[in-house]
2 protein chains.
Amino acid sequence: MVARARLHPRRQPMQARAQATVESILRATERVLVKEGYDGANTNRIAEVAGVSVGSLYQYFPSKEALVMALVDEHCDQMLGLMAQHVSESQDASLEVATRAFVRAMLHAHALQPELHRVMVEQLPRIQGFDKVRQMSAMAQALVMEFLQRHRARLRPANLELASFLVVYAVEAATHAAILEKPHALQDGELAEEISQLVLRYLLAGDVAPPESVQ
Amino acid sequence: MVARARLHPRRQPMQARAQATVESILRATERVLVKEGYDGANTNRIAEVAGVSVGSLYQYFPSKEALVMALVDEHCDQMLGLMAQHVSESQDASLEVATRAFVRAMLHAHALQPELHRVMVEQLPRIQGFDKVRQMSAMAQALVMEFLQRHRARLRPANLELASFLVVYAVEAATHAAILEKPHALQDGELAEEISQLVLRYLLAGDVAPPESVQ
DNA sequence: ATAGTATCCGAGCAATTGCTCACATGGAGG
DNA sequence: CCTCCATGTGAGCAATTGCTCGGATACTAT
């Protein structure tokens, strides 16, 4: 709670042990963040959990904020990578198949580290990392829009930008809330199918057929 | 950043000037919270903005957290009241009409104090108030579900609980994001209509007719 | 070995901040 | 005027915490 100047030039880890230190700091930050929240997570505690000294921590991260930002970056890149991969894999798939695959992928991604994701979404918008999250959201919208444009002939919405916007936020919110409040619903495919229906019925004119092969 | 014991019994405002003090403290908290965020908002600053001394603040609110919680309560009650009102007003309306009215009401409610709402949603889950927000969400789902049950004959989803869950979170997310990122889109009815379509096409079998009267 | 560098350590500084308490002030009733 | 209590005040305590710095230690190269 003391936003000091920290002009200190930071060191790049060169030896293997330094890499290990940085890694253990990041993982400790994750753990402490999940357990204590952003406020409860003080740098001394993080260093302790990581098994290093505060000094070491500040050799690689210029500030607590930067440390947390590094985690956010890691997480965003992971999520974006996953989405991009799925979009490119669905290059030739029908809208129905691609959407269902994508929704399941999102659920899966959220289920990996639900607590961490929750902290990211709920507690970190207040630091500068908010830009990063918003940027991720923008990239997600771009990906979806590109995808929609390929299928534009079949789509009902005329404004694809708005459609991408709605789809991205609706799916993200539904997925996020489901992981936290209905973790049991992840087993059977009902949740995934309903989210897919939400998207597909919005996008397509006419009715939407049930999935061909049941999960 | 010092979560002390605060055993102090708090005083109930009895005279008019005390009421005024409490009010000015609440409004100041709002302002400071919006401007500085939860962390930047220290009690000394809030008291200063309110034009009272810290001592007075702590005579009516046992802790910073309690102070913020009081604001959250106020806000939640306001939102819930608005939703309940719209649901009861739509008692006899068709699903289409009721949904469109409801979506517009949500957009309107969010547009009233967008910055405050944003702080509430983004920065306050970490304090105990999270329970309150979650509780509000649960009540919203209950309201929507009751409404859906009245129209169940026309609905496609079999699991109305899941449907309420998805609708509530999707609409909230879309509305919230739109207020913050697409404030211009609130003028014409395109945004409202698209959110309504998202909901209606998910809920109803078959196609959804455009609104009878434009706007 | 020796030098040079990368890494690590952790006591403690400086700043912040939630909150208290001893006291001042306002107003109503007598 | 005096009493009583509700209300208001603000200097400052106590605790927390982000971060630094002087120096120890591990590793590499020669």
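Reply: Before we look around, one rule: two residues are in contact if their C-beta atoms, placed from the backbone, lie within 7 Å. Also, this is a predicted model, where local features need pLDDT of at least 70, side-chain atom pairs count only at pLDDT 80 or more, and totals for chains, interfaces and linings use all residues. Residues are numbered from 1 along each chain as its sequence is written, while chains are lettered from A and ligands numbered from 1 in the order in which they are written.

Me: OK, let's start with one chain. How many helices and strands does chain A have?
Reply: Helices (H or I, at least four residues) and strands (E, at least two) are DSSP runs, numbered from the N terminus. Chain A has 9 helices and 0 strands, so along the sequence you read α-α-α-α-α-α-α-α-α. Its C-alpha trace spans about 60 × 35 × 30 Å along the principal axes. Take the contacts in chain A between residues at least 6 apart in sequence: 66% of them join residues at least 24 apart.

Me: How do I read two packed helices? At what angle do helix 1 and helix 2 of chain A pack?
Reply: You use the angle between the axes and the distance between them. Axes are lines fitted to C-alpha atoms, for helices over the stretch in contact, and angles run from 0 to 180 degrees between N-to-C directions. Helix 1 of chain A and helix 2 (residues 43-50) of chain A pack at about 120°, with axes 8 Å apart. That makes the two oblique to each other (under 35 degrees is roughly parallel, over 145 roughly antiparallel, 65 to 115 roughly perpendicular, the rest oblique).

Me: Which residues of helix 1 and helix 2 of chain A meet?
Reply: From helix 1 of chain A come A:Ser24, A:Ile25, A:Ala28, A:Thr29, A:Arg31 and A:Val32, and from helix 2 of chain A come A:Arg45, A:Ile46, A:Val49 and A:Ala50. They divide into 6 nonpolar, 2 polar and 2 charged. Here Ala, Val, Leu, Ile, Met, Phe, Trp, Tyr, Cys and Pro count as nonpolar, Asp, Glu, Lys and Arg as charged, and the others, Gly among them, as polar.

Me: Now chain B. How far apart are the axes of helix 8 and helix 9 of chain B?
Reply: Helix 8 (residues 160-181) and helix 9 (residues 190-203) of chain B have axes 11 Å apart and an angle of about 165°. Helix 8 of chain B is therefore roughly antiparallel to helix 9 of chain B. Residues in this contact include B:Val167 and B:Val171 of helix 8 and B:Ile195 and B:Leu198 of helix 9. The tally is 11 nonpolar, no polar and no charged.

Me: Is A:Ala173 buried or exposed?
Reply: A:Ala173, in helix 8 of chain A, counts as buried because it has 21 C-beta neighbours inside 10 Å (20 or more others within 10 Å means buried, 12 or fewer exposed, in between partly exposed, with C-beta atoms placed from the backbone). Leaving aside neighbours within four places in sequence, A:Ala173 is in contact with B:Tyr169, B:Ala170, B:Glu172 and B:Ala173.
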